[in-house]
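I opened the model today to look up a few things. My notes follow in the order I made them.

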Amino acid sequence: MSLAQDLNELACRFATDAEFARSVAMRDLERSVCGCDYGSTSWTTRREAERIAQLLELRPAAKMLDVGAGSGWPGLYLAQLTGCDVVLVDLPLAALRIALERATTDSLSQRCEVVAADGAALPFKDASFDALSHSDVLCCTPDKLAVLRGCRRVARGGARMVFTVIVPAPSLGAPERQIAIESGPPFVDVPDDYAVLLDQSGWCLQERADLTAAFLRSMRTHLEGMRARADALAALVGSDELTERMKRRQATIAAVEAGLLRRELFVARTGQ
Ligand SMILES: C[S@@+](CC[C@H](N)C(=O)[O-])C[C@H]1O[C@@H](n2cnc3c(N)ncnc32)[C@H](O)[C@@H]1O
């Protein structure tokens, strides 16, 4: 499949996910798992978002870019928390429309811009942003290096970038790696460690942290919550689709429990 076809398919998939995630039942579940109700499709919790705000040193008038922002999580929350300006970029219009509605509800329209674009071809001038964030986006996109290079181009001197990502565990044998890839998000496979990709794209790695334990807790709570809301969720997507989604979640949990998948946070900086 070509890159354009991959991105098109991704946009359709995440448009569907965004509509599902905005339902009353899913936002109720999101509150219990992540402590927010933006219709999020990543595993970033409110606590992690607050840590990201600190790591990015966000402040009023700083300009932040949230790549793969979906329905506005965590970009809109970070703008509300810190007073920064935020630009939200993603592929599916359906998700960005939800983000725009939320920005209006939260009186953030003056400090928020929403742009439909590929993170690998950002339609902004060089050196436009003080801070960049993406939550579980690189594991959902085919050309990770192109997205990191795109982010680097639009980052100002001294800008910071924080991202979370789900990855196959290092040093797996071929059969285990295959299970990790099949159990993870759509583009979880990655040719190198993200530290190497950061270096290749002109970023300086500052810090990395393993978030796997919290990720596993969140997924278990999420699956229990799906079971508890099965009737309401089946009414939204049909019982076959719900069973499929729960099976996929169970497979991801099993892969994390077996040490095949992990979730990490990276903090990077540009030179001055
Ligand atoms: C796991 S979701 C996270 C969405 C949102 N940040 C959240 O936390 O709910 C990953 C998002 O990345 C977006 N995405 C994937 N590849 C992208 C690309 N090349 N450019 C822009 N967005 C992309 C998807 O459309 C999806 O909305």
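This is a predicted model: local features need pLDDT of at least 70, side-chain atom pairs count only at pLDDT 80 or more; totals for chains, interfaces and linings use all residues.

I take helices (H or I, at least four residues) and strands (E, at least two) as DSSP runs, numbered from the N terminus. Residues are numbered from 1 along each chain as its sequence is written.

I looked up D136 in the loop between β4 (129–135) and α6 (144–154). D136 has a positive phi of about 55° although it is not a glycine. Most residues other than glycine have a negative phi, and most peptide bonds are trans. For burial I count other C-beta atoms, placed from the backbone, within 10 Å of a residue's own: 20 or more is buried, 12 or fewer exposed, and in between partly exposed. D136 has 21 such neighbours and therefore counts as buried.

E57 sits in the loop between α3 (46–55) and β1, and its phi, near 55°, is also positive. With 13 C-beta neighbours inside 10 Å, E57 counts as partly exposed.

I found a cis peptide bond between W73 and P74, with omega about 0°. P74 belongs to the loop between β1 (63–67) and α4 (75–82).

**Entry: the sheet**

I call two strands paired if DSSP finds at least two bridges between them. I read an open sheet of seven strands in the order β3-β2-β1-β4-β5-β7-β6, with mixed pairing. β3 (112–116) and β6 are at the edges with a single partner strand each, so one side of each has no neighbour in the sheet.

β5 and β7 (residues 261–269) pair antiparallel over nine bridges. β6 (residues 204–210) and β7 also run antiparallel, joined by six bridges. I noted V267 in β7 as the bridge partner of V162 and also of E207.

**Entry: the core**

I define a nonpolar core as a set of buried Ala, Val, Leu, Ile, Met, Phe, Trp, Tyr and Cys residues joined through C-beta atoms within 7 Å. The largest one has 70 residues, of which M64, L76, L78, A99 and L132 touch the most other members. Strand β5 (residues 155–168) gives the most to this core, seven residues.
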